[in-house]
Amino acid sequence: MKHVLVLYYSQSGQLKSVMDRLIEPLLQCSDVHCDYQEIEPVRPYPYPWPFYKFFNVFPEAVYLDGCPVKKLQLRENYDLILLGYTSWFLSPSIPVTGFLKSTQAKQVFKNTPVVTVIACRDMWLIAQEKMKGLLKDLDSRLLDNVVFTDQGKSLYTFVTTPRWMLSGRKDPFWFFPAAGIHKKEIRSASRFGERLCKALQNDEERGTFPLLCHMGAVNVNGKLIATEHIAHRSFLIWSKLIKKAGAPNSKGRNVVITIYTVFLLTLVLTVVPLNMLFRCILSPFRKKSLAKAIEYYEQPSGK
Ligand SMILES: Cc1cc2nc3c(=O)[nH]c(=O)nc-3n(C[C@H](O)[C@H](O)[C@H](O)COP(=O)(O)O)c2cc1C
């Protein structure tokens, strides 16, 4: 019998519905036992988010501070861990980071292969780099990565995802599509569970080769690589400023957050279109380096 630990933290239930579909075949697999557990912060985060609460978590998410999480009922070790997480400000969500920094995670992740499952708007590259670091600190091994992103072009989700987070509304409006991951994509997640079930029956998780290649597990949007790097650099600077301005939800912090959101909006309306134009002009000369970067971020489960 193989023991699989399935962990996730989901606010609206979207990531949970991805995990539900993904592990369906594993739950039906007679040789596999799944321990399906939700990571729960000691102090729950709101959903939908009041505006200032949303931006108040920004510095702690970026600097991977984590938060206290409730202890889980776990076995001492597992054959495989499936870790479902969402991206918060280009970083793993604070509760997931909190769990990965707990003493419980130190024991259970040690020497264990991990499949990360990401469900986010569409900016997950830096978050996954940070996740790789967290897993390395736990002496665990990233075996595969599966990514689900919100439907519609980046320009649309830049509006639809924050609207959903701040109001709870996912419905389509004007020319914008519905927020979140397309239902068809969520339904198709079971193909990964089927493959994992077969792999576990053949002890393939003990090897070093990824199990979910050639299944469309990861699609890297090359246009977002530079954007994520530029945004993350500015996130590091602004996070420091916001932290220095005061404790979470203090007046000082909210003042700097107000300045930051005005700055962010100005940036999006001016620098982002200019950057897109600049990249369009340069793209014929940067084909090789872009292809290399895409190949890197697609690892280990791409194509
Ligand atoms: C505070 C916060 C920050 C977010 N930042 C990002 C981000 O940087 N990149 C991204 O693709 N999605 C981002 N999202 C969207 C989430 O990754 C995810 O799609 C959304 O929270 C729904 O997940 P859930 O309801 O299953 O928890 C953010 C959401 C929240 C609440």
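What share of the contacts in the protein chain with a separation of 6 or more is accounted for by residues 24 or more positions apart?

**View 1. Overall fold of the predicted protein chain.** Residues 24 or more positions apart account for 81% of these contacts, where two residues are in contact if their C-beta atoms, placed from the backbone, lie within 7 Å. The model is predicted, and local features need pLDDT of at least 70, side-chain atom pairs count only at pLDDT 80 or more, and totals for chains, interfaces and linings use all residues. Residues are numbered from 1 along each chain as its sequence is written. The protein chain holds 12 helices and 7 strands, these being DSSP runs numbered from the N terminus (helices H or I, at least four residues; strands E, at least two).

**View 2. The open sheet of 5 strands.** The strands follow the order β2-β1-β3-β6-β7 with parallel pairing, two strands being paired if DSSP finds at least two bridges between them. At the edges lie β2 (32–38) and β7 (141–149), each of which pairs on one side only.

**View 3. The pairing of β6 with β7.** These two strands pair in the parallel sense over 8 bridges, and threonine 116 stands opposite asparagine 145 in β7.

**View 4. The shell around the ligand.** Of the 20 residues around the ligand, those that come nearest are Ser10, Ser12, Leu15, Cys120 and Arg121, a residue being near a molecule if its C-beta atom, placed from the backbone, lies within 6 Å of it. Two or more residues of this shell are given by each of α1 (14–27), β4 (87–88), β6 (113–120) and α7 (154–167).
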